[in-house]
Structures are given as structure tokens and as C-alpha cells.
Amino acid sequence: MSVFDLPRLRFAGVALTRLPTGPRNGLVDFSTHTALMDGKPFPRDRPAAEYHAYLDRVGGKGETFGANGTFNIDAAITGVELVAGNVITDDAVVGRAVDVWGHYNEYLATTFNRARIFDVDPAGETSTTIMVGQFGFGRLGRSHDVEYMFSGGVHGMQPPRFQSDGRVVHQFVVRAGEEMIWLDSAGTSPAVDRLRSMVGAGEADGLVVQLVMADPAPMPGTRAWQLRGTIAPWHAGEPRTFPAGRVLGDLTVDLHDGLATFNRFAPADDLQLCTESGEVLAAVPGEVGVVTVPCPATDEALCLVSGRDVVAREQEVVVVVDEASLFLEHPRDASDSSQDVTVEVRTFVRGVPAAADVHIRQSHNPRAFPLDQRENIDVVQLSADVISTDSAGRGQFVVRGAEAGATRLEFSPSGSMTVRVLPNHWWMDDVPQDEVTFDLLYREVFAFYELMYSFMADEVFSLADKFRIDTYYQITWNMCDPRNRMKTYYMPQTRDLTGPQARLMLKYLRARRAEVAVPTIEPSLSRSSRPITTRTELIRALKHGVTIELAVMLQYLYAAYSIPTYGAGEELVRRGDWTPEQLTLMCGDGGETREGGLRASLMDVAREEMIHFLVINNVLMATGEPFFVPDIDFGTLNEQLPVPLDFCLEAFNLGSVQRFIQIEQPEGLVGAVRLGDLPSTSDSHDYASLSELYGDIREGLQRVPDLFLVDQGRGGGEHRLFMRESVNARHPDYVLEVDDLRSALFAIDFVTEQGEGQVLTEDSEEDSHYDTFVRISELLMKERLTAADKGRAQWNPAYPVARNPTLHEGHAKELVTDPTARELTALFNGSYFMVLQLMVQHFGNPDESLRRSKFMNTAIDVMTGVMRPLGELLVAVPSGRHGRTAGPSFELDEQPAFIPRPDVARKSLSMKFRTLADAARKCPLVHDKVAANLDHFAEVFAG
């Protein structure tokens, strides 16, 4: 039965909680999401800093006001039990790490995702819930050094159990299925191998994980808890979030086969397990955790005795609700049943499922209603005040929101759950899209979170910053989409954004997408024979790899920019140039879901190529070389590389997709060319594909001696965006670092896996870049054939952008001559230079955290907030050549170079951003947000 079953793995360590404590101050009315100052609502259009200063004066911030709501553990396996009561410490899993992570974020494609912690009722202190998305154990150091033994997905919330005196228990289950991964090293541990066998044979339906946290110690922005935990088999039908067994005070117990197995949540000495009639059954072990001792069987109720005193009697009937932390949308009116939630109830009599009557009453938390002084507030409506469970101990009731706020549902004879009913915001659904301004969005959605929580403004960006919201409107919506509320990455992490508020955000997003210019197209009237053996050869090959990854990223970006945005596509549909089906194919559904069409697929691949550019540079820097930024000239690039591929900037079409397929094709699809008896010859370092180049590099890394000069742990990295779910499943700790041969080989395999697939994960269902482009080619061909069958005119999926546009005369390039297009191209190229300069500046001091680097974070902001809108504008502007529009040329007037003096570097960056901002303001086609973003970047480095 749950943790009472064998085998059991014990672990111990520290749990770190970063729970924002501001809302616990009694100065928030949660029925209306209103912050109070001196008993009156604080105006939402006033600066958040003013309210935070007030909280400082009245002591209203609590211990961790600026905490970011993350939960993580630093723990390791301490022992295993294959036989009850026999704890062994020489099993291979002992000493290995135990990790909890968040859900894979498919929008940002991240590894290193954190689990979450939040209050369902922030006005109290008894509803603190955690949410884990992924659980793993077995790594030693980094998972690509010594891999995990097990990794699996976790779903739902984990409410607090047995909470008292600085102690709390959380429990979750990893169900058997597709998200459960047993890695090869599981076979080295008899205990883990037994768990794997039980799940595989159907003897268990998953794993149960129990966390016992105690004695929290305050740290800056954090509380550190002593952690003890257990991993054991789990069976369907057992509770998922409540400890199994017979409940006596702060422990549970199972009597079976002449043994008593205690699950203790608090230490205590001199306790005895007795029957109600006074028979002593066993001495209770004093330590926290699961411990087994001999014990006779009994049919009587149990109690705990200390000396002559009974300190705890058995709760003979235990009521369990697994989903004991519940958020409810407010109904539209009293008759609206669409927001109802059915609550599943379990009853156990002396630890065994059995029928029972359950009485339910609600008790609202007055601290959640400081503006409402009523003594009794029914926050919810219940379908019944008393329910009867069946012989299997199962029952249910329906709960509906009645008034916004928080309440506790008390179950008699035992148990409880917390319910939060969100504010009534249905009026927002009636606001027309063209009336959704940023001021309205901030006042009705963002302001409350700016006042209550400072971590967004401190660590990411302020929600009052219109230009940042406009820049990142898509990802802002994705994080706040109500469909993601049960994911750890959902924002706000408090999970109390209402559905109408989210839909108001979606209207604002769609309004931003409509801000596009659409041109009018009018009819015209008139593998090598000599392996890499030296450091010099390897450095040269790595630089070729860096150059190719950057060139590939730029051409994918160019092709993506050439596709009209969703807003532009809607206009093309209105004109009759596109059909609604073609709009969906190219641009998805407009941002409501992750389905962004072929345009989004190209952008996803381009983002991963940027990571390849960084990770190959990490390999290069680990050998002692500086960060390498090649100057890409698409007019001459194909003559300079050892790979006979066609790199160019051109519009998205079937032809360009075929080029992409050739670039990404796996090594096995390229064969030697022979004719009769004529010998097949090739230059020693010419490669038929990028895959062959990386194959040679991989072998060279293993062949060249004394290659890595960087110290362990100083290999760059800490980048975790644009990672794949398959990587996150097996290596949730991976952050691109390279500091030795193993990590360098893993980095090469990581790049090759995304490009051609089947390298790190043989059974992954994710598309490689090669698979993605083959799929895109098939979809384009299908649409072309469909159009031909229906007699439609030839369809163009992209603007007629120039091929290899340039501001300078050059070989195999199209000169941009239109003055406006030249002005925009120069502005784009200047922004592209700044992205590369920021990267060079960061990697000039590679010990700096990449994730927290002002240089790298600004580089990403420039790509998103400046390059993207300029690129999407350029492709709609005439180039000066008949029938062509312009496009980004990615040309550099100077080569980025590291500036060693920090003060000079900051001043230089600020000055150049200011110059670009001035240039942006002079061009009437450029949106104000671009100049504002450039001004912001100038200010970032001005100090």
C-alpha cells in the first residue's frame, strides 16, 4: 500500500521555497483583487513603487515579498529497502540526486524548469500548495556525465497535508505511461530495477513520492526546509496526494503480516502503539520516515500512548480529496453551471476503502474580505451538505462559485480542502477588440500583480512597461492561457487570473497583430578521407561549424520574415489573394494556441539554430579560443565553406525548402558518386552534408590530446531556452556547458539530434529539422495541387523579397535602391550588429551567468523587440527593383569586438543604441515601439 510497499527508496536533503508573502498581510481584498492603503483601495493607475513603499512603512511585505514562487530540492538517496526493516546503503542508487522540476515549457522550449509553490488562499497560511511537473532521480553530477536512472511526468497540484508546527507533507504520483522513462543505468541498482520490473509487469501503476518538510529557516528571498522523503510503488485506487494508512496524530501506520510499518512526519520518543482496550502492540520508532517493526495483528481501533497518557486516537474514518486545492471561475449568474466542478471524495475506515457518511460545511476566511464585514459569507454553493460514499469508499459532490473569495470546506468526521472563487470579470468579454487599449489591460489585469508581487519587475520586466508587453505579447498570452493553468510555467504563478481577463489579453494580442503594412502586387505592363588529427584542424572545423550555424539561422529567419504575419494574412484573405485555409496553413490561428503554422515552424527551427551557434562556440571556447562571430557574405559564402551547399537569403517557397532539406539531411542519405570502374575521389576535408562535418569534428574531439583548457564548471552555458522536450525529459539540468570531452561530445550530439534526429533519443517523436522541412515541403506541394485542382491562380506563400539583398554592390546579390528600403535595411543591420556585439561582450567574460547576463538578455530583447518588427516591415517595402520587396541583408559595417573596459563598453553600447533610436524616429514607417525599445536599451547601459 503506497509508501508501505517495497521496494522503498529513502532520500534526504533541503527543500527551498520562494513563496511571495506580500498577499498575506491582510491588506488585499481577494473578492475584487484590490490592494488597500490605509483601509481604502489603492488606485491601480498609481506607480507600484508607491504602494511598495507603503508596505515597507507598515511592515506589510513579509519575509519574502520579492520571491518568484519557485520550489526545488537539493536531495540524494540515503538508503533502500528491498526487505522490510532492512535498510541498505551500498545499492548503486544511494548517493544519487533526487530532483523535482517543472513542466516542459513548449512555448519557450526550456530545460531547467522549476516547480512552483503558491497559496490557494493567500490571505491565510494553511493552503500553501506545490506543483511539480517532472520528477527524476539517479543522476550523479550532471545528467550527461552520469545519467538519471528514472524520469517521469507529474500532473495536478500537491496540497499541504499534516501541516502543523513548521512541518508539512506533500505527496505526488508519477503514473506509468509514455511520460515515464527508465534509463539504462536503472539496471545497475537492484532496488530501482525491481521498481522498474513491477511497473513494467503491471504489479504497480506508477511511483509515489512523499516529501516531509520541517523546520523552515529564513534565507534572503527563500526558506530552507529540512527534507526527508520516500519513493515507493503506487497502485491505482490509492490516494495520489494523501499518505495511505491508518491515521494517528502526525503519523500513519499499516499493520500487515505480523509487522507494523510507521510513516512518521514528526519525531517523538517514548510512544507505544496500543489498542483501545490497552494492549501494547509495538514501540513506535522515533525518527521521521517509514520504519517497520514486529507487531501482532488486531481488529481493534488504535491509539498512541506515552506513559499512561493517550496522546492520539485513531481517526477511524478518514475523508480524502486528492484535488484539495481548487480554483473556481465565478459563474456568469446563479444559474450558470458551466463553471461547476465535481469533487471526487474517498473514505477509508481504519485504512481500508469503505462506505461512510461525510458532512460538509464551509468556513470563509475573513482576511480575504477586508472590505466586507459580514460574519458569514457562503463563497460556494454545494450540491449536498451530506454525501454517502459507496462500498468502495467513493463519492462526489458538485461545487459552484457563489461569491469571489476564499473558503475552507471542512469534512466531518475528518479532512478539508481549500477553494478559491475568482472575481467576477465577465463584463470584460463584452469589450470590443478595438477598445482594448494598454491602459485598460494594465488597469484591469496587470496592475494587481505589479502591486502584490515585485519579482516580475525585478527579474524580468515590469508589467507596466507597454513596450515590453507589446514586444512579448505572444509569449505573454501563451503563459497566461487558461488552458495552461495546470502547468508549472503558467502565469501568474498564483493561478488566480480569471478567464475574462485572459481573453482581454487575447484581444489586445490580436490588435497588435493587426498593426501591419501589406503591399499591393499589381500586374506588370511591359565524410573525409583524412581525419582531423591536430588542434589547428579541429579549430578550423569548429569555426566552419559556427559559420554554418549562423548562416543557417539567418536564412531561416529571412524565409520566416518573408511570410506575411497573421494580421497581414487576414488582409490578403479579404483581398482574395489567400484563402482562409492558406492563412491557417501559413500562420496558424492567430496566437490563440501554439499552432502558428509554417511561419512558426520556421521560427522555431531558427531559434534552435541560434542555440547551435552558441553551443558550438562553447566547444570552441573550451579549447581556449575566443567567442567567434563570422562576417557572413551570402554572395561569397558558398565558395568559402567545405560543405557544397547553397546558402542564400530568399523568399519562402518550395525551392528554398528543398535547399533547407539538403542542408539538414542525415549523413546516411548522402552517398559517394561512382561511374563504372572510375575511382571516387574527394578532397580531404570536403563534406557532402553538415552532418558529415560534425561527424569529423566528433571524432577529432576524441583524437586530439590536451584539448580542453577550461576548468571544470567554467564552461559557459546556463542557457536553457529553445530546448526540446526530449532533452528536458532525460536531461532537465542541461544548460549547454562545455568543459571536458564528455560535455563537448554531448554538445555535438545535441546539435546533431535537433538537425537530423535519432542521436540522443532513438524513440523520440519530435521532428528533427530535416523532418520539419520534409513535412513543410509536403504541405506546400499538397496546397499547390489543391489549388490546381480547383482552378485557382498560382498561390504565393511569401512576399516577393529580394534574393540576397544588399546595400553595396556585390557578387550574386540584389542591390536595394529605394531610399526608404535602404534606410530601414541600415537600421536593421545596425540592430543585428548590436546583437552580435552584446554576445561578444558577454563571452569576453564567460564566467558571467548567461541566464542572468544583461548583455545576453538584451541581445534577445533586441532580436524580439527591434529586429523582428523591422524585418517584418522590410519585407513589405519595395526594394527599388521592379516586382521585388526588400528584406534584411544581415550585413556588418564593422566586426564586433570585445571592449575590455566595462565602463567604456557600457558607454559605447548606450551611444550606439541611442544613435539607432534617433534613426528609427526619423523613419515614419517604423513603429514607435521600436524607437522606444532602443531608447530603453540605451538607458540600460547608460548607468
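This is a predicted model: local features need pLDDT of at least 70, side-chain atom pairs count only at pLDDT 80 or more; totals for chains, interfaces and linings use all residues.

Colleague: At what angle do helix α20 and helix α21 pack?

Modeller: Helices are DSSP runs of H or I with at least four residues, strands runs of E with at least two, numbered from the N terminus. Axes are lines fitted to C-alpha atoms over the stretch in contact, and angles between N-to-C directions run from 0 to 180 degrees. Here α20 (residues 902–922) and α21 (residues 928–940) pack at about 165°, their axes 8 Å apart. That makes the two helices roughly antiparallel, a term for angles over 145 degrees.

Colleague: Which residues of α20 and α21 meet?

Modeller: Contact means heavy atoms within 4.5 Å. From α20, S910, F913, R914, L916, A917, A920 and R921 meet V930, A931, L934, D935, F937, A938 and E939 of α21.

Colleague: Where is a cis peptide bond found?

Modeller: One joins L6 and P7, with omega about 0°; P7 lies in the segment before β1 (8–17). Another joins M491 and P492, again with omega about 0°, and P492 is in the loop between α6 (473–480) and α7 (499–513).

Colleague: Is D270, with its positive phi, buried or exposed?

Modeller: Buried means under 20% relative accessible area, exposed over 50%, and partly exposed in between, using a 1.4 Å probe and protein chains only. D270, whose phi is near 60°, is exposed at 65%. A109, with phi near 55°, is buried at 14%.

Methods. Residues are numbered from 1 along each chain as its sequence is written. Side-chain values use heavy atoms; hydrogens and water are left out. Angles under 35 degrees count as roughly parallel, over 145 as roughly antiparallel, 65 to 115 as roughly perpendicular and the rest as oblique.
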